[in-house]
Amino acid sequence: MFSATLITVVAAFAGVSWGILGGALPGISPSITMALLLPLTYSMDPTAAIVMLASTYVGAEYGGSIPAILIRTPGTNAAAATVIDGYAMKQQGRAGEALGISLYSGFVGGLFGLGVLVLLTEPLSTLALAFTPPAYCALGVLGLSVIASLARESLVKGLMAGVIGLMISTVGTDPVTGLSRFTFGSPDLLSGVPAILVMVGLFAVGELLVQSTERGWVQPAPERARIRFPGPALWRRIALPQAIGSVIGTFEGLMPGGGGAVSSFLAYNEARRWSRHKEEFGHGSPEGIAAPEAANNTVACTALVPMLSLGIPSSNSAAVLLGGFLMHGLIPGPMLFVSHAEVVDGLYAGLLAANIAMVIVGYVIMGPCIWLVSRPRPYLTAFIYALVVSGVFAIETSLFHVGLVLAFGVVGFGLRYVQAPLLPMVLGVVLGFMVESNYRRALVLSSGDHMTFLQDPVSAVFLALALLFVLGSVIGHARTRRRQA
Amino acid sequence: MRLALLVLAVVALLVSSVAAQARYPKSVVILTTHSSPGGGSDVFLREMAPHLSRVMGITVVVENVAGGSGARAMAMMAKAKPDGGTFYATTPTFIYTSLLSSPAARYTDLEPIVNVFFDPEVLYTAASSRFKTLQQVIDQARGGRGRWGAGNPASLERQALERLKQRAGVSPVVATFEGGGDMLINVLNQTLDMGIGELQEIRGQLDAGRVRLLAVVGDERLMQFPDVGTVKEQGIDLSVRKFRGLAGPKGMPREIVAAWEAAVPKLLADPAYRQLYTRNNLQPGFIPHAEYVKFMSDFGGQTQAFLKQSGVIR
């Protein structure tokens, strides 16, 4: 018993460390981080292997926020929303504080998600079945409606960036007919343009290009290379955004498609709506880090609900974990809780250990990370280029994808030049395929009747919410403009 | 005494490795797959590797060459030396990718070696649905109100459903998804009357009694479910075979092909491995080289005809 516990804890620590590393490296998504580990777990004890993989997922979701805060480059899709306020805090010399908030919020979200997983898997798995194609389409539309409020300075520029993102998402195999669209016959594009590459290009490479045009690099003010956990006052302030993030993350985890990215954007948006300090958002608000980071770490636990209880992975990362189960002859589904209860219990214990390990490992590596990004600019810039190019090449083993990343870097530079926001484009790329494929699928099933979107209760509620979001933002935009005029 | 044992062990090792080399020219064989770690082919190969190593007296290593839906793995394989050291794990994907895009190397640039397994494809519905038999699902579709689902748009499963529609003379809508799991939700919540998929994908729900098998889309019934009839038995001439086998570069020497033709039946008969693959719902489906070449070209021809007919390719 004792040795089993020890193995679980060791597996959780190893998984979390590996996950934070993979999540923090731009271009390496949580699912790739897990997939790289998978062959090694083949000969391990089943429970230890599963715990290690699940812990990697937990670690990667936190790891993604490190470069988002420090170098304005989200390491994972789900950390994209953290860039806004995280990097703003870094520029104010509050990087340690930002990382502390991210780590603490990830821990809170992870524990909440774990509680949900342990206590509510059965009822929530029924909820996952309420999602039909119209409902998924509507969920995607709800996610896209956030664009309206992300594009604060100019609604038109935000919409333009969003539409470019949607256009990129149409590259690949047509979801209904199977035709190849905009692939120019190249098999490299058959499965579309990976969102993570678009993001690395737009943020990391784009940022480096912008910095290269700046004259006379000033050495940044020396950072205190220490992580700072929030004190009691801040604790109270970020409790609400954390709660918002955790609840949104719980529902997102249940549904295939969006995964952590949608949840963190929705959480960011809601946190701002309910905040008493709305004006701070975008300029280094602790709440703007707490909400998305709590959300994506909640997802890392609740994504296991449909995976364990239905055998249906709701994200790429959950799919890799499913592969881990199958390799050990475990078949996820309702019977797993009966036939292999020991593995499920071991996994729960492992996830608890993983969330604790995340705080410890996160705390330890923070100093070196902050030290690393406080090196002289030329060294740092060259290092990030090397990291991005070698990372993308190592994962995709193709120069085509390296070219793709560099091309998106130029696009990111252009968008910054015209002062268009980048996040709407990321949302477009992440959600475009989900919206399109489910829209068309819903119409196939209803023989072309659009009423299906209103007849499906889940879909109707989401669409109504989306409408409210957009109307609210448009009215807000109009008011600001009138005030300025 | 200890020394004697050690010497004996070393001698035994040498003898066995010499014997192995007499059987097969390579001591290490790399099996490549386009599947990423944890994917269907990857899990299959990694489970097969230790047993294959034992049966053939060689070391079998699995390598993932993901990307381009198999295009990269095919290109690498077409350029490899035909020395028996590397093979590619075939699945219908490599034929679909060859037909849907213009990869550097197509399936016709590879030499099919032997087939090993078939993944059984089944038609199923939710256990709570009112459909008890395939006939009832087809009757429902007769009025044009049927809703059937396949995992992916341009896939063997889609092709099977389109042929089932034709042969049964009905016109339900066929919705496609982003994989079998995605579709399974829609069968469970009864958005769909019926879905088609690999037995392995629905195993968790099947064990829990939440889905009902309607028919096997193959030539024979499954040993795990002897009560479920095939589509053919139910009066519709339809059978698809999702294959799993090996292909290599062109110009593979005759004796290497012969070594695999001898080893695969031995592997399939191996009791330890048999237990494992039965649990994973794979049907043994050894096809010797000459037949496999024809099988593959027929499969490619049929698929191309289907894709042209449905307007996916010209």
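## A helix pair in chain A

A crossing is left-handed if the near helix is turned anticlockwise from the far one by less than a right angle, and right-handed if clockwise. In this predicted model, local features need pLDDT of at least 70 and side-chain atom pairs count only at pLDDT 80 or more, while totals for chains, interfaces and linings use all residues. Residues are numbered from 1 along each chain as its sequence is written, and chains are lettered from A and ligands numbered from 1 in the order in which they are written.

H7(A) passes H21(A) in a left-handed crossing; helices (H or I, at least four residues) and strands (E, at least two) are DSSP runs, numbered from the N terminus. Helix H7 (residues 133–145) of chain A packs against H21(A) at an angle of about 150°, and their axes are 8 Å apart. Axes are lines fitted to C-alpha atoms, for helices over the stretch in contact, and angles run from 0 to 180 degrees between N-to-C directions. H7(A) is therefore roughly antiparallel to H21(A) (angles over 145 degrees).

## Contact between the chains

In total, 49 residues of chain A are in contact with 38 residues of chain B (C-beta atoms, placed from the backbone, within 7 Å). On the side of chain A that touches chain B, H16(A) gives the largest share, 6 residues.

## Domains of chain B

An automatic or database domain assignment divides chain B into domain 1 (15–119 + 243–309) and domain 2 (121–234). Their centres, taken over C-alpha atoms, are separated by 28 Å. Contacts join 11 residues of domain 1 of chain B to 13 residues of domain 2 of chain B.

Technical notes: Two residues are in contact if their C-beta atoms, placed from the backbone, lie within 7 Å. Angles under 35 degrees count as roughly parallel, over 145 as roughly antiparallel, 65 to 115 as roughly perpendicular and the rest as oblique.
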